[in-house]
Amino acid sequence: MQLHRPIGIFDAGIGSYAIVERVRARFPEQDILYFADRESFPYGAKTPDELLTSVQRATEYLQEQGCVAVILASNAPSIVVLTPLRAAVTVPVIGVFPPVREAINRSTTKEVAVFGVRSMTDSQAMRAFANEHREPHSIVHLVNASALVDLVETFAFINAPEDTQIVVTDFVARVRSNQPGIDVMTLSSTHLPWLKPFFEIAAPDILFIDPADTVIEEIATHTSQGKGRTVCVATESEELSLLAFNAALGALNAPIRASLKR
């Protein structure tokens, strides 16, 4: 691949394309290799060992392609397996983490929710992360939002916005019914920020935070002056074809299309 010191970005789903766009906007001359590891979808249903196997394989591939740093564009493996992943590879790996401290700092009630997939919200690693980053007397609720990921993966949020709004509104209402003191929610799956407009309609009095902001700051030291190219490579499975993934990129008006990883 004719890329100059590319930054690698990968995930198992389409959600991570939002981070590709963020990196491109902030560093327009940076070359990017975007790897959509569709055959590993979903990360949220995997055990820690399965997660590590998947993300290590993807990271090693990006390293072999000449990437000088890699963004693991998924909250779940960043929380659960980033430490052993970094120990297993030589390329710098930057994770995406729930902005727990920011959420608490911006909360009036000091009661916040972290939305994420099951493998993250149910993990001991996430509980430890939340305890480490919260303030005394604050409350952090870990909420399994795996059911909302399909709204992005199936492109219901584009093709069926009214139905999507019903699902999101019902989800938020149930969370608030159980925990009425929450006033800040973090969208801690790379899929969920695509649904932010729906969340804001469902609860206009709640602050919703996208975790991607800190990633852009961390990657800055690894950037370089290339030609601003973005190359996309993907794997596929019987259920998730390359054709369907490229159709999804088209629905997002993305200027790239994926080729099959060899």
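This is a predicted model: local features need pLDDT of at least 70, side-chain atom pairs count only at pLDDT 80 or more; totals for chains, interfaces and linings use all residues.
Which side chains meet in a salt bridge at 2.8 Å, N to O? They are those of E153 and R38.

The domain assignment divides the chain into domain 1, made of 7-97 + 214-260, and domain 2, made of 100-209. Between the C-alpha centres of domain 1 and domain 2 the distance is 22 Å. Domain 1 puts 26 residues into the contact, and domain 2 puts in 19 residues. About 1,600 Å² of area is buried between domain 1 and domain 2, and carbon and sulfur atoms give 71% of that area.

Charged and polar pairs also occur at this interface. The count between domain 1 and domain 2 is one salt bridge. Seven residue pairs are in polar contact across the interface, with both residues of each pair at pLDDT 80 or more. On the side of domain 1 that touches domain 2, helix 1 (17-26), helix 3 (75-88) and helix 12 (242-251) each supply at least two residues. Sorted by class, that side of domain 1 holds 16 nonpolar, six polar and four charged residues.

**Salt bridges and the surroundings of D210**

Side chains of opposite charge can pair when their charged atoms come close. The count for this model comes to five salt bridges. One of them joins the side chains of D210 and R22, with 3.4 Å from N to O. This pair links distant parts of the chain: D210 sits in the loop between strand 8 (207-209) and helix 11 (213-219), R22 sits in helix 1, and the two are 188 residues apart.

What else lies around D210? Leaving out residues up to four places away in sequence, D210 touches R22 and P193. A polar atom of the D210 side chain also lies 3.0 Å from the backbone nitrogen of A212. The table collects the distances for these pairs.

| Pair | Kind of pair | Distance |
|---|---|---|
| E153 and R38 | salt bridge, N to O | 2.8 Å |
| D210 and R22 | salt bridge, N to O | 3.4 Å |
| D210 and A212 | side-chain polar atom to backbone nitrogen | 3.0 Å |

**Aromatic pairs**

How many aromatic pairs does the count give? It comes to nine aromatic pairs. In the pair of F115 and F199, the ring centres are 5.8 Å apart and the planes stand at 45°, so the pair is tilted. This pair, too, links distant parts of the chain, with F115 in strand 5 (residues 111-116) and F199 in helix 10 (residues 196-202), 84 residues apart.

**Backbone features**

Most residues other than glycine have a negative phi, and most peptide bonds are trans. Two places in this model can be read against that background. A cis peptide bond joins F41 and P42, with omega about 0°. P42 belongs to the loop between strand 2 (32-37) and helix 2 (48-64). The other place is K110, a residue other than glycine whose phi has a positive value, near 60°. K110 is located in the loop between helix 4 (100-105) and strand 5.

Note on methods
Residues are numbered from 1 along each chain as its sequence is written. Side-chain values use heavy atoms; hydrogens and water are left out. Domain bounds come from an automatic or database domain assignment. Contact means heavy atoms within 4.5 Å. Buried area is the accessible area (1.4 Å probe) that two parts lose on being put together, summed over both. A salt bridge is a side-chain nitrogen of Lys or Arg within 4 Å of a carboxyl oxygen of Asp or Glu. A polar contact is a pair of N or O atoms within 3.5 Å; within protein, one must be able to donate a hydrogen and the other to accept it, and residues adjacent in sequence count only if both atoms are side-chain atoms. Helices (H or I, at least four residues) and strands (E, at least two) are DSSP runs, numbered from the N terminus. Ala, Val, Leu, Ile, Met, Phe, Trp, Tyr, Cys and Pro count as nonpolar, Asp, Glu, Lys and Arg as charged, and the others, Gly among them, as polar. Rings of Phe, Tyr and Trp (its six-membered ring) pair if their centres lie within 6.5 Å; planes under 30 degrees apart count as stacked, over 60 as edge-to-face and the rest as tilted.
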